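Please look over the sequence and the model before reading on.

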Protein chains: 2
Amino acid sequence: MLIYPPFTPVIAALPVTVPFVGPEAQERKSGAKFRARMGANENGFGPSPRVIEQMVKAAPDMWMYGDPDNHDLRTAIARHHGVSIKNIVIGEGIDGLLGLLTHMYVEPGATVVTSLGAYPTFNFHVAGAGGRLVSVPYENNHENLEGLLEAVRREAPQIVYLANPDNPMGSWWEAQDINRFIEALPQTTMFILDEAYCDLGPATILPAMDIARPNLIRMRTFSKAYGLAGIRCGYAIGEESVIAAFEKVRNHYGVNRMAQIAAQTALEDQDYLDMVVRKVKAGRDRIAAIAAENGLQPQPSATNFVTVDCGKDGAFALNLLNALLARGLFIRKPMAPGLDHCIRISVGLEHEIDALAEEMPGALEVARAL
Amino acid sequence: MLIYPPFTPVIAALPVTVPFVGPEAQERKSGAKFRARMGANENGFGPSPRVIEQMVKAAPDMWMYGDPDNHDLRTAIARHHGVSIKNIVIGEGIDGLLGLLTHMYVEPGATVVTSLGAYPTFNFHVAGAGGRLVSVPYENNHENLEGLLEAVRREAPQIVYLANPDNPMGSWWEAQDINRFIEALPQTTMFILDEAYCDLGPATILPAMDIARPNLIRMRTFSKAYGLAGIRCGYAIGEESVIAAFEKVRNHYGVNRMAQIAAQTALEDQDYLDMVVRKVKAGRDRIAAIAAENGLQPQPSATNFVTVDCGKDGAFALNLLNALLARGLFIRKPMAPGLDHCIRISVGLEHEIDALAEEMPGALEVARAL
């Protein structure tokens with residue numbers, strides 16, 4: 001019999017779970033390429049041409065490690081937000097930063113509050129740290145601020161997580177609601193405010209920058225509006241000494257050199273960003289129209305995806321999803337109770353939305369017949 | 001007074017330390033660019049032209065997340081080593097994988113054995129997990145296999161770490177020595193065999209692939225011989241169920257898309273690798289000759305750097321290092337007792353080694369006068 005070096009008790013107790021199955025795995029399984037890649041909230045309009053130009057120019061330099069301080073990128077981000085470089089830490093996407101935060105704040109048995117059906121990768125990291133997750137159901141397709149506050153008061157958790165705008169529902173809260181939530185939190189609970197999609201919604205959802213508050217970390221990414229999901233670059237904005245603590249645990253050379261260059265250039269091209277945001281809005285409107293034409297209920301969205309209420313139960317929505325997948329459309333759906341009657345369609349390129357328009361009636365027919 | 005959400009006790013107790021200061025930070029401080037970048041064991045010959053071509057081609061596709069399974073790259077690596085894809089996990093450099101391994105095996109208070117002065121980033125991750133590090137001094141500029149074994153027998157650690165070839169000394173053990181070490185280890189201690197530099201040394205140092213052994217993980221990287229440090233891609237080779245356990249903790253989308261493409265292409269161009277390895281050997285010989293001409297003792301090396309015994313104490317070696325830095329040469333030195341009489345010079349391009357030859361006599365003069 002093989003004897004294994006023992007894992008820590010937390011790791012030994014964890015199942016081998018994968019938060020998401022990638023579209024490539026699905027393509028390998030089916031043996032066919034998707035016609036439309038609208039499942040991972042990627043941004044098919046892609047990065048700015050200036051970003052591509054800089055990546056091309058930088059390719060031969062990839063023998064050099066990236067600057068472990070991410071100095072130039074942090075400087076550019078700090079200027080963009082009108083804060084200090086000391087308020088910014090860069091990570092391998094928001095996912096990487098969420099992993100670090102759970103490492104910093106969650107020990108085995110510690111409590112973390114989130115919404116039931118919110119970002120699974122955050123839950124994955126909490127589980128990896130041995131944390132205990134308390135989940136508050138959504139209310140009317142919104143994360144329930146009052147419910148989250150009640151859970152926080154009851155549980156006194158290490159962390160409370162909220163995405164604004166929300167994924168997977170696309171809903172949002174206005175800045176004043178978020179601010180009231182922040183004011184009501186106990187100072188001993190860290191609030192992770194995930195704003196991955198914030199560039200794609202109305203400006204009124206963004207609270208003013210408060211970098212004096214030691215229990216607030218805001219998360220941003222170059223994966224969504226900036227069209228750079230593949231390059232892995234996100235950042236956190238927070239109070240100086242909280243940001244400094246990341247130095248204790250982060251993989252100092254983890255943010256690749258190409259990402260630093262691409263992200264910095266992307267930030268400089270705000271005109272391109274504005275154009276992409278307009279295109280995303282137009283795409284959202286088209287997807288919503290297609291859903292409505294087919295008798296489904298598109299939900300309002302402040303993101304680059306439209307969550308569509310399929311009007312029946314989770315099994316029906318799953319059947320519809322599978323029918324769309326079988327027709328070559330990569331789309332995903334929320335699986336949590338309360339959200340599982342929906343499918344989630346990322347804004348794709350025109351020909352991808354065309355494919356959705358073409359395939360939706362047939363897919364619905366299949367789902368209704370099951 | 002500000003109230004902060006409490007860190008875990010392990011994190012709260014850690015100092016804010018940085019394993020390495022990057023050359024960019026030194027340049028920012030001095031206000032001048034280095035003439036020669038020979039401090040981080042990067043490979044200035046760079047990646048294969050085919051790799052650059054593929055990176056250029058892939059730049060516009062960076063809006064897509066990378067395949068979270070790293071399927072194609074793992075398949076290529078598995079084929080390269082004659083093992084299964086199930087024996088391979090990809091990470092954000094070896095550094096990233098070392099962080100995951102400490103997460104998996106080290107809980108607060110657990111013991112880890114390494115050599116005194118060996119890879120600081122590993123120690124950083126052990127500290128981040130709250131581990132207790134037991135360090136065995138080098139012997140004759142080699143990691144001390146017998147000493148490590150004694151420590152393992154005495155301490156029954158979770159992990160024992162060894163780099164072969166070694167960094168920072170450049171020394172190595174032959175495969176049969178490594179095999180004897182492996183055979184002597186208790187099955188409950190995980191052996192991390194860091195082979196980051198193995199492509200640059202004699203083939204005789206590499207044990208045959210043993211992917212049945214549950215307490216052996218071998219680490220490889222595209223940062224050194226393959227010239228892709230900036231892209232962040234390393235991998236671990238190990239027994240199937242050990243590799244599967246990484247799924248519990250790894251950042252599934254952490255390995256960027258560009259890295260997957262670049263690494264796979266790099267692996268395919270073994271002719272280019274062979275050429276680079278020849279150039280690195282020639283560069284090593286030249287650096288060794290320059291050191292010897294200046295009355296210093298270059299150490300034999302199986303890596304892309306030459307560690308040079310400066311013949312006096314640590315203070316003298318540090319003075320020499322500082323004099324070389326002041327002359328625009330980015331070089332590093334080991335700081336641990338027993339190794340600190342040395343400086344470590346990475347193989348650079350011809351003009352960089354020229355700069356070393358030019359500046360060494362003057363730098364030595366300065367160091368001797370202090």
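Which backbone oxygen lies 3.1 Å from a polar atom of the side chain of A:Arg218? The backbone oxygen is that of A:Ala208.

## Basis of the report

The model is predicted: local features need pLDDT of at least 70, side-chain atom pairs count only at pLDDT 80 or more, and totals for chains, interfaces and linings use all residues. Residues are numbered from 1 along each chain as its sequence is written, chains are lettered from A and ligands numbered from 1 in the order in which they are written, and side-chain values use heavy atoms, with hydrogens and water left out.

A:Arg218 is found in strand 7 (residues 216-221) of chain A; helices (H or I, at least four residues) and strands (E, at least two) are DSSP runs, numbered from the N terminus. A:Arg218 counts as buried because its relative accessibility is 2%, where buried means under 20% relative accessible area, exposed over 50% and partly exposed in between (1.4 Å probe, protein chains only).

The side chain of A:Arg218 also makes a polar contact of 2.9 Å with the side chain of A:Glu195. A polar contact is a pair of N or O atoms within 3.5 Å; within protein, one must be able to donate a hydrogen and the other to accept it, and residues adjacent in sequence count only if both atoms are side-chain atoms. Beyond its neighbours within four places in sequence, A:Arg218 is in contact with residues including A:Leu193, A:Met209 and A:Tyr235, contact meaning heavy atoms within 4.5 Å.

## Where the chains meet

In the interface, 89 residues of chain A are in contact with 89 residues of chain B. The two chains bury about 7,300 Å² between them, 63% of it on carbon and sulfur atoms; buried area is the accessible area (1.4 Å probe) that two parts lose on being put together, summed over both. In chain A, the residues that lose the most area to chain B are A:Trp63, A:Tyr65 and A:Lys248, together 12% of what that side buries.

Six salt bridges are counted between chain A and chain B, a salt bridge being a side-chain nitrogen of Lys or Arg within 4 Å of a carboxyl oxygen of Asp or Glu. A:Asp67 forms a salt bridge with B:Arg28, with the closest N and O atoms 3.0 Å apart. Helix 5 of chain A gives the most to the side of chain A that touches chain B, with five residues.
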